[in-house]
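Work through the exercises below with the coordinates open. Each task is followed by a solution in steps.

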Amino acid sequence: MILSRRSFLATTSTTYRALSVSGRNVSAPQPFGALPSARQMSWNGMEIYNFLHFTINTFTDKEWGYGDENPALFNPSAFDADAIVSTLKDSGSKGVILTCKHHDGFCLWPTQTTERSVKNSPFRNGKGDVVKEVSEAAQRHGLKFGVYVSPWDRSQPSYGRPEYITLYRQQIRELLTGYGPIFEIWHDGANGGDGFYGGAREKRIIDKAHYYDWGNTWKIERELQSGAVLFSDVGPDIRWVGNEKGIAGDPCWATYTPAAPDGGPPSPGNVRASESVTGIRNGKFWMPAECDVSIRPGWFWHEAENTKVKTSRELLTLYYYSVGRGASFLLNVPPDRRGLVHEQDSESLRAFGKTIRETFSQNLAKQAGSVVASNVRASDPAFSPKQVLDDNPDTYWSSDDGITTAEIVFHFPQSVTFNIARLRENIRLGQRMAGCTVDAWIDGDWRPFASGTSVGHCRILHSQRAVRTTRVRLRITECAACPAVSDFGLFLES
Ligand code: FUL
């Protein structure tokens, strides 16, 4: 999950791009701290993607099925994976993660491991496969596909015994080998409790730290889908953000060292969640946060919640609190009993997608006539401040070593009006910045527009009030090593 400096330098050429651009012998800054892997880098660019919570619960009006439900209950009247996926795509989504099996144990694909699956439901006369339909629709629409397979299974008689782990791994194998490339495997932290368990109807408590033997399951997952990021409370690639509200901490470091509340080995469902919210500065691992939240109060569709769908404005706020703080936005959109996105949800999503598209389509900072930095690394144009405007994440502005506070001033020939500033660091060189302020020149003086702490992949500074100015200053107020800023943008919310 964390690359050593040597393997990092061996696997990336972009770090030293400066040499070829300028033709001078100026070395790039040394990477700082834990660094992202290639699979984490490709996940980073996704920013917005969706959960689909859909199973027997959709038909029983429950959030957690007990595990004794009749598979015949799963009967969507008009399931249309293309319609679902294209609605998500319009909202700006880059991927979709399906609850292939939730805690009740019902499988949305015709698994060999249990009779509790779509093959014993009326859906497509028992010949259907929801996983196949969603994964293929995602591919058709250019979205990535991911899987949620609950480790807690309230239906299985063997749950709590070693045989269940074999069965669980078999289910994972089926999903990772039958449905094309998987971008994320989502490991839930809900572990044991009361359930049907093949008729035992009892409470089963498992040893969270050891029962699932996660290390070996992850090994299988790496073998079968080496490009997939593995999500859980303890990563290893992506961490839970410590709440289900869609809100990352401020700061929200991409670095983190999972720890259990009792000081024992940390595991999914057993971490100090307050530290997951902010991450840990100089943490041992590069393990950025994912913010999961539902568009409705519940994770599954309930008729009674049709009036409680989050508005596009609420979704936009969550976008600023998640993507805007360097995390990802995993928004759950539960299909209804027809097997479609409900009209209320579609409406919010459509308006949210439109606002995001319109707001971020025009980077006003590009209108600057001159861009001047307080220091440019070895005065080399390859590290010029103009690099923050070229939409290329691999080029960046940097200063000489030892400089940890610096600034760029953007001068505009005509005034610009903005209420959003966005920054990105070149995270291939680690998470360096810890403080920044954007100022605007107003009435003959610099006035702070907004300030931020951690940056990493993305930091959005947002204000309700727009400012109009001809000069903007980005100040790096705290940095662990010389800054490496790859992107700066000014936008006006549409
Ligand atoms: C939780 C589960 O218990 C919820 O039902 C939901 O799937 C959420 C995303 O994760 O742990």
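**Exercise 1. The ligand**

How far does a polar side-chain atom of Trp64 lie from an oxygen atom of the ligand?

Solution. The model is predicted: local features need pLDDT of at least 70, side-chain atom pairs count only at pLDDT 80 or more, and totals for chains, interfaces and linings use all residues. Residues are numbered from 1 along each chain as its sequence is written, and side-chain values use heavy atoms, with hydrogens and water left out.

Step 1. List the residues around the ligand (a heavy atom within 4 Å of it): Phe51, His53, Trp64, His102, His103, Tyr148, Trp186, Asp188, Glu244, Asp292 and Trp299.

Step 2. Take Trp64: one of its polar side-chain atoms is 3.1 Å from a ligand oxygen.

Step 3. Repeat for two other residues. An N or O atom in the side chain of His103 is 2.8 Å from an oxygen atom of the ligand, and for a polar side-chain atom of Asp188 the distance to a ligand oxygen is 2.6 Å.

**Exercise 2. The barrel**

Determine the order of the strands in the barrel and the direction of their pairing.

Solution. Step 1. Strands (E, at least two residues) and helices (H or I, at least four) are DSSP runs, numbered from the N terminus. Two strands pair if DSSP finds at least two bridges between them.

Step 1. Eight strands close the barrel in the order E1-E2-E3-E4-E7-E8-E11-E12, with parallel pairing. On average, neighbouring strands of this sheet are turned by 25° against each other, direction ignored (axes are lines fitted to C-alpha atoms, and angles run from 0 to 180 degrees between N-to-C directions).

Step 2. Leu52 stands opposite Leu98 in E2.

**Exercise 3. Helix H5**

Which residues of helix H5 are buried, and against which elements do they pack?

Solution. Step 1. Buried means under 20% relative accessible area, exposed over 50%, partly exposed in between (1.4 Å probe, protein chains only). In H5 (residues 81–90), Ala81, Ile84, Val85, Thr87 and Leu88 are buried.

Step 1. These residues lie on the same side of H5, because they cover an arc of only 155° around the axis (taken from the directions from the helix axis to the C-beta atoms).

Step 2. The buried residues of H5 pack against strands E1 (48–52) and E2 (95–101) and helices H6 (130–141) and H11 (343–360).

Step 3. Inspect the ends. A side-chain oxygen of Asp80 comes to within 3.1 Å of the backbone nitrogen of Asp82 at the start of H5.

Definitions and conventions:
Contact = heavy atoms within 4.5 Å. Polar contact = N/O pair within 3.5 Å; in protein donor to acceptor, adjacent residues only side chain to side chain.
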